[in-house]
Amino acid sequence: MAIVITGVGVKSPLGCSFEECMKTLEAGTRCVSEIENFDTTGFTQKAAGEVRLNGRVIKTPKEIDRKAYFLNKCVQDLKERTRATERFSPAEIVFNTGGGVDYVDIDTYYRTRQFTLPAGSKLSSHYKSKALTEEIALKNGFLGGVNIFMASCAASSQAIGTSFRMVRSGFRKAAVTGGSDSMINYINYIGFQQLGAMSSCTNAPYACKPFDRRRDGTVLGEGSIVYLIEDSNTAIREEILAEIVGYASTMDAYAVTDPDPEGRSLAEAISMAINDAGINPDIVDCVHLHGTGTPKNAPAEYSALKLVFGERAGTIPVYSMKGQIGHLIGSCGAMEILGAIYSLQKQVVLPTINFEEQDPSAPLNVIRNYPLNMKIEYLLKTNSSFGGENTAIILKRYNLGNG
Amino acid sequence: MRVIYRIYESSEQIPVYDYISRRKLVKYFTRETMAAMVCAGELLKERKPLPETPFFYSSSELEMMEIYNEACSAFDSDSHNFTSSGFMERALPVISPLSHFKSMRNMTHCFISIEHGFKGDNASLIGSASGLLLCAMLSTTARNIIIGAGKLHADGTAEAGFAEVTSSELAGNKFLESNEDAISFFRVYHNI
């Protein structure tokens with residue numbers, strides 16, 4: 001028995017289908033530009049990775065909560081692709097998703113001063129995103145539980161990791177899991193800027209520079225992505241995208257705003273995930289790091305890798321997707337699993353977009369300019385949150401001959 | 001299984017300063033965080049849990065309307081329509097950065113982890129009682145697990161609950177199949 005990923009529904013800066021995202025990853029197209037979905041007159045920073053279809057930003061009316069809107073679309077796509085609700089009973093499917101800060105249309109709120117539940121909602125939550133997520137689950141027949149994981153930048157990887165545990169233990173037959181977030185709106189975009197995490201670079205496509213010596217902050221992105229996770233015994237084998245073999249989460253308990261510079265808890269999460277997978281660090285082929293582009297992130301990640309991999313920390317190939325699409329916060333981990341699937345299927349480590357100059361304080365083997373072709377059997381994916389939660393997921397290439 | 005539960009009416013002071021060592025952090029707290037800090041403090045009174053102790057926390061409603069009220073108050077003095085440039089010039093200066101902390105749903109989980117030194121397996125969620133209990137049950141540890149939940153009602157009432165549990169204690173619990181808010185578990189079990 002293996003726990004496998006068998007389908008994807010995605011609306012992201014890379015594109016709005018699995019195939020489109022794979023092509024955009026391969027092409028290395030920069031998907032960050034100045035915000036198009038709302039008026040940013042007066043903003044000092046305008047860079048963001050917005051959801052695109054065929055390269056064009058999808059615009060929505062201001063009343064729309066984009067994270068709920070795109071999540072709904074993703075779930076519909078996933079259901080069609082995987083026929084999950086035909087193969088599993090409603091109670092066998094749990095819906096675990098990473099989410100983010102709530103959205104209120106400030107223009108309308110200013111005029112009406114009313115905080116209303118979504119139209120037609122029969123649910124009682126004042127947290128709109130929770131009400132909308134529960135409605136998506138009900139509407140689509142996922143009655144095995146609804147959980148929104150809220151660990152900021154580690155939210156969706158906690159959702160996926162917990163889904164992995166639920167299916168592996170037999171508590172649920174299948175999990176629809178991933179994440180959805182958009183902070184690209186007045187309050188949340190400016191709030192992120194006020195927290196001091198955003199790059200001051202005004203050349204939007206080049207603003208987020210993970211691991212680069214010149215990095216000065218991250219860039220917000222948005223998007224939704226959901227996967228179907230199930231036991232390989234129930235899966236349609238030709239549709240298996242990758243295997244999940246290990247997961248762990250730890251907490252820095254260091255500071256709310258900064259990572260532990262020594263990366264101790266992140267290292268612990270990595271070690272626990274490797275142990276959960278029943279492997280040893282020597283056979284992890286490459287690492288897809290959190291890689292935000294903030295000054296404190298890269299040294300902390302390097303420190304963590306040194307604790308786990310020793311001298312290999314400077315040679316094991318690493319990658320971050322955020323240079324290409326920005327930081328999707330509550331959905332970044334789930335989105336970046338797509339990069340992991342790309343690496344496992346194509347047997348390459350992609351170059352980190354906008355990485356040019358190595359930082360002596362984080363001398364990682366960041367792939368630049370061209371993809372690195374290599375044998376990849378086991379891949380480590382990490383994420384770390386604003387607040388201190390760390391996650392590590394071990395993915396394995398799935399060979400049809402596996403069993 | 002030991003369970004602590006507290007509820008505070010909207011006008012009621014929450015005695016959070018009796019339960020926190022870093023008092024300057026309190027300005028970042030919502031009333032839910034304060035109530036949760038009290039419950040965690042009561043549960044762990046005069047004890048230092050092992051750093052690897054797993055800790056799972058589930059939140060409920062939200063206090064972020066403070067931000068919108070702050071932003072909109074800047075427009076109250078006249079009848080200006082909402083504009084982007086107006087937002088930047090007038091609303092931004094009156095929005096407190098503290099409000100952004102309060103709107104992030106993992107902050108209660110983080111502040112309690114910092115206060116009590118929890119570094120182990122964890123999750124921060126808005127979920128059902130079932131989700132919280134399943135997270136705890138599936139944790140890869142045989143040791144004691146800390147679970148907590150809180151809810152901030154729209155009228156300012158804050159409630160929270162904390163418990164120290166083991167996987168075996170949770171096995172077969174009726175809340176494993178419950179879609180009610182996670183706080184429901186603590187409302188029931190603190191009386192048992």
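Domain bounds here come from an automatic or database domain assignment, and in this predicted model that assignment divides chain A into domain 1 (3-239) and domain 2 (245-398). The C-alpha centres of domain 1 of chain A and domain 2 of chain A lie 21 Å apart, and where the two parts meet, 66 residues of domain 1 of chain A are in contact with 61 residues of domain 2 of chain A.

On the side of domain 1 of chain A, A:Cys153, A:Phe211 and A:Arg215 supply 18% of the area buried against domain 2 of chain A, which is more than any other three residues.

Turning to the polar side of the interface, 5 salt bridges are found between domain 1 of chain A and domain 2 of chain A, and 26 residue pairs are in polar contact across the same interface. Several elements of chain A each supply at least two residues of the side of domain 1 that touches domain 2, namely β1 (3-11), α1 (18-27), α6 (155-169), β8 (174-182) and β9 (220-231). Of the elements on this side of domain 1 of chain A, α6(A) gives the most, with 10 residues. Sorted by class, the side of domain 1 of chain A that touches domain 2 of chain A has 32 nonpolar, 21 polar and 13 charged residues.

A salt bridge that can be followed in the structure joins the side chains of A:Arg168 and A:Asp276, at 3.1 Å from N to O.

Terms used: Residues numbered from 1 in each chain as written. Chains lettered and ligands numbered in written order. Predicted model: local features only at pLDDT ≥ 70, side-chain atom pairs only at ≥ 80, totals over all residues. Heavy atoms only, no water. Contact = heavy atoms within 4.5 Å. Buried area = accessible area lost by both parts, 1.4 Å probe. Salt bridge = Lys/Arg side-chain N within 4 Å of Asp/Glu carboxyl O. Polar contact = N/O pair within 3.5 Å; in protein donor to acceptor, adjacent residues only side chain to side chain. Helix = DSSP H or I, 4+ residues; strand = E, 2+ residues; numbered from the N terminus. Nonpolar A, V, L, I, M, F, W, Y, C, P; charged D, E, K, R; others polar.
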